[in-house]
Each structure stands twice: as structure tokens, then as C-alpha cells.
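Open the model in your viewer and keep the selection tool ready. We will go from stop to stop, and at each one you will see what to select and what is there.

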Amino acid sequence: MVSGLLKILGVIVGALIIGLVSAWWAINSGLGSALQNGAWSTDPAIGSETASPYARAAVARAGLLALNKSETVYFTAVRDDTGEALSTKCSYRLNGKPLATRWWSITVYGADHYLIPNEANRYSQAMNTVTRDAENGFTISVNPGGSGANGIPTGFDGTGEGTPFSLTLRLYNPDEETYSNLESLSLPTIVKETCS
Amino acid sequence: MKAWPYLLAATLILGGILHIVTVLAFPSFVMDRLVSGVEEQVGLGVVAHAPRATDESRTVVRPSPDLIYTICAFDVSEQALRISAPVPKDTYFSLSMFADNTDNFFVVNDRQLPKETVEVILVKNEDQVEGLGGAPIVVAPSARGVILFRTLIQSEDRFEELNANRLEATCEVM
């Protein structure tokens with residue numbers, strides 16, 4: 001009798017662990033599991049009625065109130081161009097070309113999906129704030145203090161090992177050709193320069 | 001007869017069911033928390049103007065610091081909701097609506113709006129539409145959800161003007 005109850009309890013506990021851990025892993029696997037473009041990922045079904053249960057869960061976790069792709073496309077990067085995870089202790093250079101969209105921005109988020117505290121209170125760069133080169137391209141510097149061209153701070157204070165962070169590229173009112181060809185868009189490159 | 005293969009199979013099947021239920025329920029759980037949170041602060045069918053996003057903003061994940069947001073949580077199970085807002089000039093503005101499963105079931109932006117003011121009526125059922133003539137009708141796929149007004153801060157020297165503009169947005173239970 002006791003042995004039977006213990007077996008049932010074992011099944012329930014095991015199922016709880018398997019079910020909840022795997023679900024949490026799936027939910028946290030990110031918004032961009034459906035489509036990859038360089039270091040950037042997205043799911044074209046974000047916000048739409050055709051979104052999969054996993055896409056909806058990922059939106060609820062890391063992109064609540066996201067608009068559908070004809071209104072706004074959201075690309076997320078958690079790694080650089082070599083596939084290494086982005087870390088607040090490192091400096092990165094983003095090089096981008098003009099994007100066929102009404103307005104764009106690149107924002108830095110901490111591992112908790114919120115804006116990172118920094119002395120400059122600067123969290124993003126956008127189409128209306130970046131300085132551009134002669135060919136209308138741009139460079140964005142992402143590093144602990146936010147120094148350099150069009151800098152965005154990651155807030156790393158030099159102690160400890162740094163923490164993961166992510167970037168979100170928003171394309172508001174993208175041209176139809178843009179949101180119909182998300183895999184082939186020329187998106188900013190993300191190159192690691194140094195780490196402290 | 002050995003019991004462990006059956007126990008293992010039962011554990012995996014039950015774990016799989018729990019996985020599916022959790023993934024399916026999670027979006028509604030998060031949206032319900034958001035709607036309930038707004039309801040506690042200002043009520044349903046009432047606009048709340050979020051301060052500009054900073055590192056202290058914790059209401060919604062991944063906020064854009066380049067936009068200012070006005071939110072209105074709704075429950076149209078019994079009564080329709082009239083939504084209106086002035087449309088700012090020369091900057092991005094949108095009015096969007098989200099169902100209780102996170103779906104963005106309606107969005108319109110400034111370039112699609114011919115007038116200086118946007119006005120729509122949100123209902124749950126078509127039979128609520130009678131007698132609500134005038135503004136365009138939007139049928140919500142769920143009784144509860146969220147309406148969000150986004151305004152792009154096109155330049156810092158326009159912040160006061162754009163902020164004052166968005167304060168005129170309204171949600172009104174009919």
C-alpha cells in the first residue's frame with residue numbers, strides 16, 4: 001500500500017518537474033525561434049492570430065503587447081556575429097545600412113528583459129538620433145560606458161563577470177518588401193571588440 | 001511483471017500534458033495579470049498614462065524608451081467601449097488592441113487616419129452594435145484585453161507637446 005502511494009507520488013513529482021521545466025525552457029527560448037538573419041532572430045507570426053502557442057508564450061514572456069509584422073517587426077539578438085553570447089563586460093560595434101522602414105531603433109535590455117540602469121540614462125539609438133556616414137550607414141557602439149560613436153551603455157561597472165544582455169531592433173511601418181523578406185534584409189552586423 | 005516501464009511512461013505522458021497546458025495557459029495568465037494590475041490602479045475602461053520608460057519601468061517587459069505609452073484595460077463582456085485620441089502630427093502614432101491571449105487583433109496608425117482624431121467603438125458581440133452608430137466598430141475576440149496608444153518622441157524638443165497630446169486620449173464605457 002505504502003509502496004504504491006510512493007510510486008504514484010514519484011510519477012506526479014516527476015511529471016511536474018518534466019512538464020514545468022520543459023515548458024519554462026520553451027517559453028524562455030526567445031521570440032526569434034522561427035527566423036534567423038545573421039545574429040538577429042524574429043518570428044513573423046508575432047502578434048498575429050496565426051501565432052503558435054509557443055510564439056504566444058514567448059511574446060507573453062519577452063515581448064508583451066508586440067504589434068503584428070505589417071505594423072512593426074521586432075528582431076532580437078542575444079549573440080554576436082560569431083555566435084558568442086552578448087555580455088555586459090564586452091564592447092561591441094554595430095554597423096548598419098539604411099533600412100526600408102518608416103522608423104527604426106536599437107535598444108539594449110538586461111537579462112530580465114528590462115532597460116539597464118546606467119549613468120547616462122541612455123538605452124537606445126534610433127533613426128532620428130544616430131549620426132550617419134556619407135552613404136547613410138551608421139555605427140553604434142555598445143559598451144559598458146556607452147562611449148564612442150552613437151554609444152549605448154550596458155552599465156557594467158567593472159566588477160564581477162558581467163551579465164548577458166540582448167538587443168532589440170524595431171522596424172516601425174516597414175515597407176511591404178521589408179516585412180515580406182525578413183530573412184534577406186541587410187541588418188546591422190554585431191562585432192565584439194574587447195572585453196574587460 | 002516489472003512496473004517501472006509503466007511508471008516511466010505515465011510520468012512522461014503526464015509531464016507532456018503538463019507542458020502543453022502550461023504553454024497554452026501562460027499567455028492568458030500574463031495578460032490577466034496585466035489587466036488586473038491596471039484595473040487595481042485606475043480601473044477598467046479608463047486610460048492610464050505611463051511615464052517615459054526608464055530602467056525603473058517594470059509594468060511591461062522590453063519597453064521602448066523612444067515611445068510614450070497610454071494604456072487602457074478593458075472588459076467588454078457587458079458594455080461597449082468608446083476609444084478616442086488626438087492624432088499627433090509628423091510622428092508615429094498608433095492605436096492597438098490586444099486579446100487575452102496576446103494577439104494584436106487591431107491596429108491603426110497615424111498614416112492610416114484621415115482625421116485629426118481617431119475614434120472607434122469596441123464591442124464583444126455583433127448584437128451590441130445596434131444603436132452605437134457613428135464611429136467604426138471593432139469586435140474583440142475576447143471580453144478582456146488591453147488597448148495601447150503609442151506615440152514616438154520624434155525629437156526631444158517635441159516631448160512636452162507630444163506628451164500633452166497623448167493625455168487627451170480617452171476610454172469611455174458606453
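A residue counts as buried under 20% relative accessible area, exposed over 50%, and partly exposed in between (1.4 Å probe, protein chains only). This is a predicted model, in which local features need pLDDT of at least 70, side-chain atom pairs count only at pLDDT 80 or more, and totals for chains, interfaces and linings use all residues. Residues are numbered from 1 along each chain as its sequence is written, chains are lettered from A and ligands numbered from 1 in the order in which they are written, and side-chain values use heavy atoms, with hydrogens and water left out.

**Stop 1: a nonpolar patch**

Select Ile13(B). It sits in helix 1 of chain B. Helices here (H or I, at least four residues) and strands (E, at least two) are DSSP runs, numbered from the N terminus. Is Ile13(B) buried or exposed? Its relative accessibility is 56%, so Ile13(B) counts as exposed.

With Ile13(B), they form a nonpolar patch on the surface, about 800 Å² of accessible area together. Accessible areas come from the Shrake-Rupley method with a 1.4 Å probe; for residues, only the protein chains shown count as cover. Patches are made of residues with over 30% relative accessible area and no salt bridge; like charges are joined within 9 Å, and nonpolar side chains (Val, Leu, Ile, Met, Phe, Trp, Tyr) within 5 Å. Helix 1 (2-27) of chain A and helix 1 of chain B each supply at least two residues. Helix 1 of chain A gives the most, with five residues.

**Stop 2: where the chains meet**

Show both chains. Contact means heavy atoms within 4.5 Å. It takes 57 residues from chain A and 52 residues from chain B. The two chains bury about 4,500 Å² between them, 64% of it on carbon and sulfur atoms. Buried area is the accessible area (1.4 Å probe) that two parts lose on being put together, summed over both. In chain A, select Leu65(A), Arg102(A) and Tyr114(A): they lose the most area to chain B, together 18% of what that side buries.

**Stop 3: a bridge between chains**

A salt bridge is a side-chain nitrogen of Lys or Arg within 4 Å of a carboxyl oxygen of Asp or Glu. How many salt bridges are there between chain A and chain B? The count is three.

**Stop 4: a buried aspartate**

Go to Asp103(B), in the loop between strand 4 (93-98) and strand 5 of chain B. At 7% relative accessibility, Asp103(B) counts as buried. Its side chain makes a polar contact with the side chain of Arg56(A), at 2.7 Å.

**Stop 5: within chain B**

Select Asp32(B) and Arg144(B). Their side chains meet in a salt bridge (3.5 Å, N to O). Asp32(B) lies in helix 1 (residues 4-41) and Arg144(B) in strand 8 (residues 144-152), 112 residues apart. Asp32(B) counts as partly exposed, because its relative accessibility is 38%. A polar contact, as at Stop 4, is a pair of N or O atoms within 3.5 Å; within protein, one must be able to donate a hydrogen and the other to accept it, and residues adjacent in sequence count only if both atoms are side-chain atoms.
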